[in-house]
Amino acid sequence: MAASPPFLQTLANLPRGRIVLCNLVAAVQDGLVPTGMARALLAWWEALYRWMMDRPGGAGLTGTPEEDLLRCLWLLLTQKQAPDFQPRKTKPDFRLCCQHLASGGFTSPADFFTVKKVDAFVSFLLHDDDRARLAGRGHLTVDAVRRGLMVSGVQTVRLKAGGFLAQPDGVLWVSPDPPPTGAGAADRARDVLGLIDNEPGDALLAVQLPGDAVIQARGRRPTVGDAGNDRFRIRADHSGHRTQTHWGWTVDLEALAGGGSTMDGHREWVCEPLKADSVGPVKIEPLGVVTNTRGQTPQDDHAAFVKRVCDGKSLDTILQRVSSF
Amino acid sequence: MDDWEEPDLDEALDATAAVMQQAVAPVLWKNQAEVESWLQVGLEQYLFEEMGAWSFPGAVAEFARWETPAEALQAFCGRLRAENRAWFRQSVANLAASLPPDSRNILLFEHLLEIAVAVGASEMLRVLPDRIGRGFFGQIPDLSGQRRLFATSLLMAARLSAPRKEARVCLETLIDAQPFRETGFAYAGIALVSLCRADPDGWLQHLDRLRGPLHRMFQHYETDDAAKRRLGQEVLEVVTLPKVADSLLELVCFEPPGSSPADDWLLQALVVGDDPPLELVEDRDGVLKIRRRDGGGFFSCILLENISNRGVHTLGMVRMNSWIQREEASGLDAVGAWQQFLRNLGGQSEEIGQFFGMLDARETCHA
């Protein structure tokens, strides 16, 4: 059963909901995902939201309606099916559904990059021997971790056995383009990769991953089913980028805030969460600490992004399109 | 044709009304025991039954934004009322104290350590010493596993350290544990800064306790001068300038080669070499001023007459080392710098002259 008109209307009325709808419309129009997937995603989203709101205490949904709706979407896409939610049905896996796969003439990048928070990396991903080595060399004091000064320059480290890059039921976001380095690298990397959720004080580092591992983990262009953040976008601005249909493009937050004609950032893919054991030693490079926020001004808030991502489509047009799924 | 299963939406729905309803308060427990049970069941379901976010009813929504249970529960805790937050923190510690030490629970114990850091459960510092060296540590057959649990415990204690007795006791217990040695004393620097934060007044005792381990850490990991300087600066930050200045010249320094480990590295880090954070200035009134070179106008004064013989020795050696390092920086090798120093001995060098001037002033004071 499809999502109800009131639910779709509610989504369309909320900026963050409209961002998702516009991306769904674009993904279907461009042939990235089948119509049935878009239709099912909306229906499961509504079902989960209704189910959670029926739980005692809203099952922890205590934010604004907009926030709670988006949290439900992320839970739908990144978590297993709750034990007593739709017990007679099996929630589809909406991840890694893009149908525009790299084909003839495609040369796999030798490496991909992903950006992680230093704290979580040290706690959950760094191998103990390397953690001891970095500590012994004075790179791992509490203050050094907080300020993202964990190492000077690129270092090769091992990952902790059993560790996962990304949540086990989510996806890993990667780019073949190296993130910026040098002074202000954390802010620039946050901007060019569209990492709107990184806040001032977050110490970041770049992890370089072997291209083969990403390819083998079903690496492909992301769609709405991969639970992107509030600055995820299906269509690039630059016509040359649009023709490379096997790549997604991040939204450069600085370009968005500056009102530039193109806000394409780096190329991006998603893949299954990589198991540390399958990756081997990786190179890491500290990027420093994020110092400013994005998305808080009229030039780059959700409403501003809606204007860019919806390509001038009216509310009625968007509703008409999603209702026709 | 697409084949995407869809859910049952079999009830009449006014979604607009549903989403606009008032936000509800997070789940509230009736007592501490309920929190402990909630946390233990949640962690077991998350870690062993792979239930993901659904393991933590009431906190499910937080898992949408965060990758780890520690991060999600930190955000969840931030939304609780003060009493519930206190119950939560205490529950983390109680669970860590009472968890049966079987091999299956090691993973759960490690997660409790991470959650303790995330939610600031300093209550954990009281219970951890009783679990070190036995219990979980004894359950891990391989050395690397023991070292991992130890490192996670020490990093937790380091991040929770604050000027409280239980922080000092916890850190000292960890330092005395066997795995501290087995890591090649890798965490000696972190332990020093954390102990100084827990007990700034006792910073010289902490340095005494860790002098040997620091020496071995520097050797084993070839810690470079920049890292030593960062370590020295962190000590300075947590102990504060007045306390450091009071005892700076009493450090065990510039001992002859082959003698016991010394604190040269700290003096080197703070007052010697290129662009050190502190400088020593003697004035003609018999006062030694120790001040930060990054400004701020604050400094600490020591009457030269109060400096012990060891202090005079140390001060002279600091001067000498500074001078020699500057000569080396200007192109002379170590031997050449020493030769130059010896040629200048006798007052030709401004610094050496100052040093002897300071000695004269001290003699005058004593007279």
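In this predicted model, strands β2(A) and β9 (residues 282-289) of chain A pair in the antiparallel sense over 3 bridges. One residue pair in this arrangement is A:Thr156, whose bridge partner in β9(A) is A:Lys283. Both strands belong to an open, antiparallel sheet of 4 strands in chain A.

**The sheet**
- The strand order in chain A is β1-β5-β9-β2.
- The edges are held by β1 (111-117) and β2 (155-157) of chain A; each has a single partner strand, so one side of each lacks a neighbour in the sheet.
- On average, neighbouring strands of this sheet are turned by 35° against each other, with direction ignored.

**Helices across the sheet**
- Helix α5 (residues 118-125) of chain A lies across β1, β5 (203-210) and β9 of chain A, and its direction is at about 100° to β1(A).
- Helix α8 (residues 185-192) of chain A also lies across β1, β5 and β9 of chain A, running at about 105° to β9(A).

**The chain as a whole**
- Chain A contains 14 helices and 9 strands.
- A compact globule of 325 residues would have a radius of gyration near 20 Å, and chain A agrees with this, because its own value is 20 Å.
- Along the principal axes, the C-alpha atoms of chain A fill a box of roughly 60 × 45 × 45 Å.
- Buried residues make up 52% of the 325 residues of chain A.
- Among contacts in chain A with a separation of 6 or more, 82% join residues 24 or more positions apart.

Notes:
Residues numbered from 1 in each chain as written. Chains lettered and ligands numbered in written order. Predicted model: local features only at pLDDT ≥ 70, side-chain atom pairs only at ≥ 80, totals over all residues. Pairing = 2+ DSSP bridges. Helix = DSSP H or I, 4+ residues; strand = E, 2+ residues; numbered from the N terminus. Axes fitted to C-alpha atoms, helices over the stretch in contact; angles between N-to-C directions. Contact = placed C-beta atoms within 7 Å. Rg over C-alpha atoms; globule rule 2.2 N^0.38 Å. Buried ≥ 20, exposed ≤ 12 C-beta atoms within 10 Å, placed from the backbone.
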